[in-house]
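Open the model in your viewer and keep the selection tool at hand. The stops below say what to select next and what is there.

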Amino acid sequence: MERSTLNLSVPQRQSKIGLIVLIGYSLGKNLKAFIPLLFVILLRESGREDKIGYYIIGFVIILLFIILNNYIRFRYFKFYINEDTEEFILESGWLNKNKTVIKLDKIQQVNLNQKLLHRLLNVYQTEIDTAGSAQTEVTIKAVSAEVAQALKERLLQKRTASDEVFVEEDIPEKNITDETYKKVAISLGSLIKIGLTRHYIQTFLLILLLLFQLIEKVDDYYTKDDQSLYSEVMDYTAANMTGFLIVIGVVMSIVIVILVNLTRTILKYYNYKISLENDSLLISYGLLETKNIIVRPPRVQFVKISQNYFQKLLNVLELKILQSDSDKGDKKKGIGIDIPGVSPAEKEVVLQQIFNKMFEKRNGIAPHIRKCILHIIWFVLLPVMVAFVVIYQYYDPTYLWILPPVFVFLLFYQIITYKNAFLYADKEFIIFKRGFWDVEYSILEIHKIQQIRIYQYQWHRKNNIGSLAIYTAGGTLHFTVSDYKEINERVNYWLYEIESRNKPWM
């Protein structure tokens with residue numbers, strides 16, 4: 001796409017063809033709301049052809065109202081950039097007029113998205129996010145490719161003192177102008193690898209929930225109709241096919257979970273590309289719904305790197321870029337940006353683009369062994385003992401066989417989680433390591449810290465044990481039950497660095 005010459009200081013409307021998008025999505029939203037009512041009408045009025053004409057007239061009236069409402073919203077929706085004050089301004093509303101004003105240097109991220117209807121009509125949905133807001137600040141539903149390109153270029157062009165890249169002479173750097181460090185494209189093979197090895201538990205629990213709901217509906221149906229077929233089938237299955245069905249169920253669950261994860265990953269992240277332009281990251285991906293995201297590296301709060309055992313064998317891992325409000329929920333879409341399926345070499349390229357400096361995992365400290373012991377007591381021994389008493393007293397004691405494997409798993413979980421917990425630090429970065437199956441590293445630049453809290457419980461003072469909480473605009477990072485003296489020394493150094501260098505956090 002060629003560089004746009006469109007003047008954004010002149011008020012712009014959304015694309016005329018984009019009016020179809022506004023009407024289409026508004027119609028779809030209203031249909032979802034009226035689906036239960038439509039079913040009731042069809043069931044109650046079936047066979048009464050004399051009323052069909054009235055329903056058609058009612059539907060036409062609602063359709064005309066939706067078209068008129070969206071046309072009015074379209075006509076009174078304008079946006080432009082005031083070059084004198086360097087503000088993005090959006091005006092909307094007919095009777096109740098609204099005006100949104102955003103300083104350009106407060107804009108944190110711009111997403112250019114295309115859902116299926118957008119792609120068919122070649123228009124873009126533009127989302128503009130600012131720091132400190134829990135929701136997308138501005139959404140422009142449908143603009144042409146030219147307007148989207150012009151808006152992207154103008155927002156990339158805005159540079160402030162907070163966007164400067166700070167470089168320390170004693171930290172080795174890579175040449176960011178080298179073409180090797182300007183582009184990353186995640187292949188379909190990498191997406192397949194990551195799709196086969198992620199989100200097992202989440203997907204399994206979702207499928208299990210749907211299955212239980214289905215069984216409950218079937219059970220309710222047969223119970224209500226006083227039919228014995230369902231109960232007879234269940235009794236016969238329990239008596240003769242329990243072992244076989246357990247094996248089949250486990251195999252089918254694994255296959256379904258893998259297929260669902262693989263399909264979701266490919267559809268969502270297909271053709272994932274990252275490029276560096278004007279010191280900003282341009283991220284694009286998606287098959288049915290494409291997303292184009294602009295990220296300014298200085299405004300990244302911290303980065304998470306995660307990898308499990310299978311991903312390590314396949315030489316892939318996952319990254320997540322967190323900016324302000326990233327961990328406060330899903331209302332602010334796009335702020336926590338996933339980068340799935342990168343190789344270790346591609347990971348280094350992305351981190352170089354974000355931080356523009358090298359870091360090392362060194363000066364690591366581990367939690368105190370007391371943490372592991374207490375967690376084993378509270379989260380392993382105590383639950384297993386309670387389960388033993390409950391099963392023995394109120395259920396068939398033959399079910400006690402399940403407790404030994406549960407005990408071994410919980411014990412293994414606590415030991416591995418304890419061994420994977422570390423806090424690393426060098427002159428510029430703090431790195432938190434944690435996890436059981438997915439081992440995760442959270443990388444934070446020292447000057448991005450907004451608040452530090454160190455604390456000791458009364459029973460920890462005798463053993464010189466303390467805990468640490470670091471607050472950033474992208475979320476809070478914790479490191480608990482470790483050497484209090486060591487934590488305090490590191491905090492003093494971080495506070496000194498923040499005060500002496502006075503670097504902006506975004």
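Select Tyr269: it is buried, because its relative accessibility is 3% and buried means under 20% relative accessible area, exposed over 50% and partly exposed in between (1.4 Å probe, protein chains only). The model is predicted, so local features need pLDDT of at least 70 and side-chain atom pairs count only at pLDDT 80 or more, while totals for chains, interfaces and linings use all residues. Residues are numbered from 1 along each chain as its sequence is written, and side-chain values use heavy atoms, with hydrogens and water left out.

Now look at ring pairs. A pair of aromatic rings is described by the distance of the centres and the angle of the planes. Rings of Phe, Tyr and Trp (its six-membered ring) pair if their centres lie within 6.5 Å; planes under 30 degrees apart count as stacked, over 60 as edge-to-face and the rest as tilted. By this rule there are 17 aromatic pairs. Tyr269 and Tyr272 have ring centres 6.1 Å apart and planes at 40°, so this pair is tilted.

Next, select Phe409 and Phe436. Their rings form an edge-to-face pair, 6.1 Å centre to centre with 90° between the planes. The pair links distant parts of the chain, 27 residues apart: Phe409 is in helix α12 (residues 403-420), and Phe436 is in the loop between β15 (429-434) and β16 (439-445). Helices (H or I, at least four residues) and strands (E, at least two) are DSSP runs, numbered from the N terminus. Phe409 is partly exposed at 45% relative accessibility, and Phe436 is partly exposed at 23%.

Which ring does the charged end of Lys115 sit over? Select Tyr25: the charged end of Lys115 is 5.4 Å from the centre of that ring. A charge sits over a ring if NZ of Lys or CZ of Arg is within 6 Å of the ring centre and within 35 degrees of the ring normal. Then go to Tyr455, where Arg453 lies over the face at 4.2 Å from the ring centre.

Last, show the strands β1, β2 and β3. These three form an open antiparallel sheet in the order β1-β2-β3, where two strands pair if DSSP finds at least two bridges between them. The edge strands, β1 (78-82) and β3 (98-103), each pair on one side only. Strand β2 (residues 87-92) pairs with β3 over six bridges. Select Leu90 and its bridge partner in β3, Thr100.
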